[in-house]
Amino acid sequence: MKIGIFDSGLGGLSVLNEALSKLSEHEFLYYADVKNVPYGQKSRDEILKFSFDAVKFLIENGSNAVVVACNTATSVAIKDIRAKLSVPIIGMEPAIKKAHDLSYNDALKTLVIATPVTVNGAKLKELIINLHAKDKTELLALPRLVNFAENGEFDTENVKSYLKEELAKFDLSKFGFLVLGCTHFNYFKDSLREILPPNISIIDGNEGTINRLVSELGLTISNANLTSNVKFFYSGAEMYEQSELEKISRNLARLEKMRAIC
């Protein structure tokens with residue numbers, strides 16, 4: 001089976017990495033919309049167009065299903081995409097329910113970090129309301145993290161200073177979970193773990209997304225094989241440039257290390 005994975009940039013590689021660890025016998029097409037990244041500060045109409053064009057491209061190139069590995073694109077465009085296209089479309093969702101289910105202390109809050117569009121979007125607010133988690137959930141937009149990730153800057157002093165400044169807005173002793181509401185943010189688990197107090201667990205939605213893909217398509221989980229067949233596309237053009245492919249490989253290697261951090 002051929003599975004498409006789409007993100008505004010290279011954040012969705014964290015979802016691809018999760019998929020490769022469980023679905024190694026399948027072929028993957030990865031679409032990074034590098035010409036238009038980041039989506040988190042684009043208009044709704046722009047995100048709708050970019051997302052639809054990307055998913056349509058993946059389907060036209062043989063994808064039997066598409067994972068929208070971008071919380072921002074999911075928040076804005078997933079309903080429209082599903083209405084217009086016939087293959088299974090799996091979206092991303094901040095793992096607030098997972099935090100809710102894992103919580104052993106009702107007094108502890110969950111902090112969700114995401115892009116401005118996701119933080120301000122109706123989809124996230126609806127999710128929080130449906131989980132009856134409004135009083136237990138705080139939201140924080142961290143738009144600069146997407147740019148840091150796209151530039152390959154993961155654990156520098158610039159990154160850590162930015163995170164420390166933004167996280168200082170909260171009394172972290174009152175929180176039990178930090179939810180990564182943007183796939184780009186998985187690159188920063190080590191920096192976040194260094195800054196966060198030990199009472200806070202870091203969780204993301206990647207495993208849940210791939211499990212949903214497995215369930216919806218009736219797939220069988222297989223042994224990890226990170227040399228699976230993957231083609232990479234940058235805004236619709238297949239990527240052959242060796243330096244970019246090496247960058248992708250380095251990013252996947254980093255993300256594999258980040259998977260163990262929680």
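This is a friendly dialogue about reading a predicted model, feature by feature.

Me: Let's begin with the sheets. Which strands form the open sheet with parallel pairing, and in what order?

Reply: That sheet has four strands, and reading across it gives S6-S5-S7-S8. The pairing is parallel. Strands S6 (137–141) and S8 (201–204) are the edge strands; each has a single partner, so one side of each has no neighbour in the sheet. From one strand to the next, the twist averages 25 degrees.

Me: How many bridges pair S5 with S6?

Reply: Five bridges link strand S5 (residues 109–114) to S6, in the parallel sense. To find one of these places, look at Ile113, whose bridge partner in S6 is Leu140.

Me: What is the strand order in the open sheet with mixed pairing?

Reply: Six strands make up that sheet, in the order S4-S3-S1-S2-S9-S10. Here S4 (89–90) and S10 (237–238) are at the edges, and each has a single partner strand, so one side of each is left without a neighbour in the sheet. Val66 has Ile89 of S4 as its bridge partner.

Me: Now the helices. What describes two packed helices?

Reply: The general idea is to give the angle between their axes and the distance between the axes. In this model, take helix H1 (residues 13–20) and helix H10 (residues 206–217): their axes are 9 Å apart and the packing angle is about 55 degrees. That makes H1 oblique to H10. The crossing of these two helices is right-handed.

Me: Which residues make the contact between H1 and H10?

Reply: From H1 come Ser14, Val15, Glu18 and Ala19, and from H10 come Asn206, Glu207 and Ile210. Sorted by class, the contact of H1 with H10 has three nonpolar, two polar and two charged residues.

Me: At what angle do H1 and H11 cross?

Reply: The axes of H1 and helix H11 (residues 242–258) cross at roughly 70 degrees and come within 9 Å. Angles of 65 to 115 degrees count as roughly perpendicular, and H1 is therefore described that way relative to H11. The crossing of H1 and H11 is right-handed. On the H1 side you will find Leu13, Ser14, Leu16 and Asn17, which meet Ile248, Asn251, Leu252, Leu255 and Glu256 of H11. The contact of H1 with H11 has five nonpolar, three polar and one charged residues.

Me: Which strands does H1 lie across?

Reply: H1 lies across strands S1 (2–7), S2 (27–32), S3 and S9 (230–234), and runs at about 175 degrees to S2.

Me: How many residues of H1 are buried?

Reply: Eight of its eight residues are buried, and H1 is mostly covered.

Me: Where does Ser51 lie, and what does Ser51 touch?

Reply: Ser51 lies in helix H2 (residues 44–60). Its relative accessibility is 0%, and Ser51 counts as buried. Not counting residues up to four places away in sequence, Ser51 touches Phe6, Tyr39, Ala73, Ala77 and Ile81.

Me: And where is the place of Pro94?

Reply: Pro94 is in the loop between S4 and helix H4 (96–102). With 10% relative accessibility, Pro94 counts as buried. Leaving aside neighbours within four places in sequence, its contacts are Asn71, Val112, Leu124, Leu127, Val179 and Gly181.

Me: How many residues apart in sequence are Pro94 and Thr183?

Reply: Pro94 and Thr183 are 89 residues apart in sequence, and in space they are 9.5 Å apart, C-alpha to C-alpha.

Technical notes
Residues are numbered from 1 along each chain as its sequence is written. This is a predicted model: local features need pLDDT of at least 70, side-chain atom pairs count only at pLDDT 80 or more; totals for chains, interfaces and linings use all residues. Side-chain values use heavy atoms; hydrogens and water are left out. Two strands pair if DSSP finds at least two bridges between them. Axes are lines fitted to C-alpha atoms, for helices over the stretch in contact, and angles run from 0 to 180 degrees between N-to-C directions. Angles under 35 degrees count as roughly parallel, over 145 as roughly antiparallel, 65 to 115 as roughly perpendicular and the rest as oblique. A crossing is left-handed if the near helix is turned anticlockwise from the far one by less than a right angle, and right-handed if clockwise. Contact means heavy atoms within 4.5 Å. Ala, Val, Leu, Ile, Met, Phe, Trp, Tyr, Cys and Pro count as nonpolar, Asp, Glu, Lys and Arg as charged, and the others, Gly among them, as polar. Buried means under 20% relative accessible area, exposed over 50%, partly exposed in between (1.4 Å probe, protein chains only).
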